[in-house]
Amino acid sequence: CNCDISESKWLSDEGYYISPSSLGITQMVFLQQKDLEENALGRITLGPLECVETNTQKYVVTFTTSQSYIEVPGWRKGDIAFSFRTTGEKAILLYQPPIRPHHPSFMVALTSDYQLTFNFTLNTKHSKELRIKSERKLNSGEWQKIWIDYNQHHVRFMINTHHEMIDLKPEEEFGPFEGSMFIGGATEDLLEHRAVRQGLIGCFRGLVVNGEILDIYSYMSVHLSEIIKDCKPSCDPNPCKNGAKCKELWSTYQCVCDNPWAYIGSLCETNINENGITFVTRESYFKKNYLFNMTSDEKSKYLGFLSKTLLMNLRTYDQNSLILHANDHLNNFVQLYINSGSMIVFLFNYGDRIHNITVEYPGLNSGISVQIAIERMEEETILHVNNRNNSVPFGVLLLTEYSNKPWNNSEKEVLAPQRPPAPPTDYFQVNLGGYDKENLLRIDQQVPVLEGYVGCIRGLKIGENIMDLPSQMDANDSVGKVAGCNMKCDERPCKNQGICIEDFQNNESSCNCELTSYYGEFCGQEKGADFSGESVLQRKFSLEGPVNQIKVQLAFSSSDKRHRNSAILLLQTENKRSYYLLVALSIDGELIFEEDREGSAYGVRIKKDPHFLNGARHSIYYLRTNDTAVLLVDREPVVLTQIPVLSLSDVPDGHLGANEVQIGGLNTSDPRFTAYTSYSGCLSI
């Protein structure tokens, strides 16, 4: 808010209320500061306002199935208006079929998330179609207002505040329509050849037709049990748990879990990721070893590693580490590991062949929650890593006989147990979070050495069995393992999009503020200032040789309305050299970034909606080493392109210039920057 800033210039706070959830406004309150000058001025405007449906909401119904409808008298004259709300993708809203083939008729149908289609047949027996695109999502569950009017020249269709118009030829006439009109659907025989055949599941209200508000309650004789008076969404309030979205079905609801692998139950009420262990050292790992004479429920559950669907959730900063290795005495195995900090690799055997599924996921080792799901099916295995996945067309086929050389493609094996010439005693072992290097041998020298895993493993589910890892930890071997996944990054998160780094071993955390333009323990502090548009901060620096490395971090916010090019930052050398780096704003609110690297120049002009002079905070991060450069604007990568090199030939005599950084304005004789003036707004560097 700018209204509490005491400056000798006009400041503006403005915007539009367009979301129904923020309307309607019944009162506005304005507070005045105590220390205002006597001649301080303020101007308040409200408008334009549009008030609709003040008396048309009396008759409201809910259609609970796509086969239900209401038959009412047809549209004969005047305008027609109504409102609807739904979460369905397609639906018939209104339909007045022709009483005979090619006679006047019309249909209004929802055909996509943002589109309505209006089909109608004219007196000339020609059919027309008007597709209306909406700026607002039409199946969001909010009320949508429809209005259709016409005269002898045009037919106009309005959806909320947006409208489309179609012209009529002199010989064409819209209407009159005959017969009955159907709300929310129609009989199957009438819809046989229509593109949209499913009825409305949702609410309908306020039908104004033939100059009056139609009492649709009096026509609710057909399919009465499937149509309910009033509109009471099942998702208000939201019955779903753990941040799940409630999908409105208008007589019931469906909870869409935020993480469908981890949240179970009809309300997403159970989170299997609450149960886990944290490995705090490379040497610690979770191990189970079962011999042939050991029978237990626990053993039978862990045997599912070789053939069942697996779920687990990771949080780590590891580069190369083993997550899981399980094998039996016949060499059947599964292995899951992190490679290069950005790839999850799953290895398994299908008979005597090893198969590899790899999914690359940037940010895998940044401490975020990473959901792993491995679907084992008869003819396919799929590896899911959050929203990415990969698969191979091989399911489960276990070996039934022992061999000390079991694989036809042994080059794909990464870790292997000891394989004596004679068949070993029956056994099955599980290694989670690490392994004994005497027991599992490194085979593939091309794969980096897999270290022990440091981080959290939680929500382990094998088939239908949720494994309680903390209760199964060996009390005599708990060094380096902690029950639960309580992270300091969750207790004390970094501010302003700083990156939190967990120190699992010391149970501490730190914040990386590199990309934020903030500093401090939690990226919550900044060193900034307001620039008036008539000032500049200058600092000289020493420079020898070429500029091979440079880093710039800044943030700014401005709503300057003076329509001029303004320089936020200028970094330049003495006039005998051509190097400069410029960050500026154009008259139209575009962001300008340019760098002359003495031999070639690179830059970009960025347009944004809304533009960069919208009063919001914008950040810039630039890092270049030799010819490798990264530019982030509002943390989004921007590609630099080569631009023309500007001439230095018009420098006034005797002006040597300086190696200098200028912040918030310009004080230079360099002719390349004559188009720019000083910056007005807040600036932090």
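Visitor: Is Asn 271 buried or exposed?

Guide: Asn 271 counts as buried, at 17% relative accessibility, where buried means under 20% relative accessible area, exposed over 50% and partly exposed in between, with a 1.4 Å probe and protein chains only. This is a predicted model, in which local features need pLDDT of at least 70 and side-chain atom pairs count only at pLDDT 80 or more, whereas totals for chains, interfaces and linings use all residues. Residues are numbered from 1 along each chain as its sequence is written, and side-chain values use heavy atoms, with hydrogens and water left out.

Visitor: Where is the place of Asn 271, and which residues does Asn 271 touch?

Guide: Asn 271 sits in strand 18, residues 270-271; helices (H or I, at least four residues) and strands (E, at least two) are DSSP runs, numbered from the N terminus. Leaving aside residues up to four places away in sequence, Asn 271 touches Asn 242, Ala 262 and Tyr 263, a contact being heavy atoms within 4.5 Å.

Visitor: What lies 2.9 Å from a polar atom of the side chain of Asn 271?

Guide: That is the backbone nitrogen of Asn 273. A polar contact is a pair of N or O atoms within 3.5 Å; within protein, one must be able to donate a hydrogen and the other to accept it, and residues adjacent in sequence count only if both atoms are side-chain atoms.

Visitor: Switching to charges, how many salt bridges are there in the whole structure?

Guide: The search finds 21 salt bridges, each being a side-chain nitrogen of Lys or Arg within 4 Å of a carboxyl oxygen of Asp or Glu. One of them joins Glu 514 and Lys 551, at 3.0 Å from N to O. Because Glu 514 lies in the loop between strand 37 (508-512) and strand 38 (528-532) and Lys 551 lies in strand 40 (residues 549-557), the pair ties together parts that are 37 residues apart in sequence. Glu 514 is partly exposed at 28% relative accessibility, and Lys 551 is partly exposed at 43%.

Visitor: And which residue forms a salt bridge with Asp 596?

Guide: Arg 672 does, with the closest N and O atoms 3.8 Å apart. This pair links distant parts of the chain, since Asp 596 is in strand 43 (residues 591-596) and Arg 672 is in the loop between strand 49 (660-663) and strand 50 (677-678), 76 residues apart. Both Asp 596 and Arg 672 are buried.

Visitor: What about Arg 156, which residue is its salt-bridge partner?

Guide: Arg 156 pairs with Asp 149, and the closest N and O atoms are 2.7 Å apart. Arg 156 is partly exposed, with a relative accessible area of 28%, whereas Asp 149 is buried at 14%.

Visitor: Going up to domains, what does the domain assignment give?

Guide: It gives domain 1 (60-229), domain 2 (235-271), domain 3 (277-483) and domain 4 (528-643 + 652-684), the bounds coming from an automatic or database domain assignment. The centres of domain 1 and domain 2, taken over C-alpha atoms, are separated by 32 Å. Their contact takes 10 residues from domain 1 and four residues from domain 2.

Visitor: Last one: where is Ala 658, and which residues does Ala 658 touch?

Guide: Ala 658 is in the loop between strand 48 (641-643) and strand 49, and Ala 658 counts as buried at 16% relative accessibility. Not counting residues up to four places away in sequence, Ala 658 touches Lys 540, Gln 572, Thr 573 and Glu 574.
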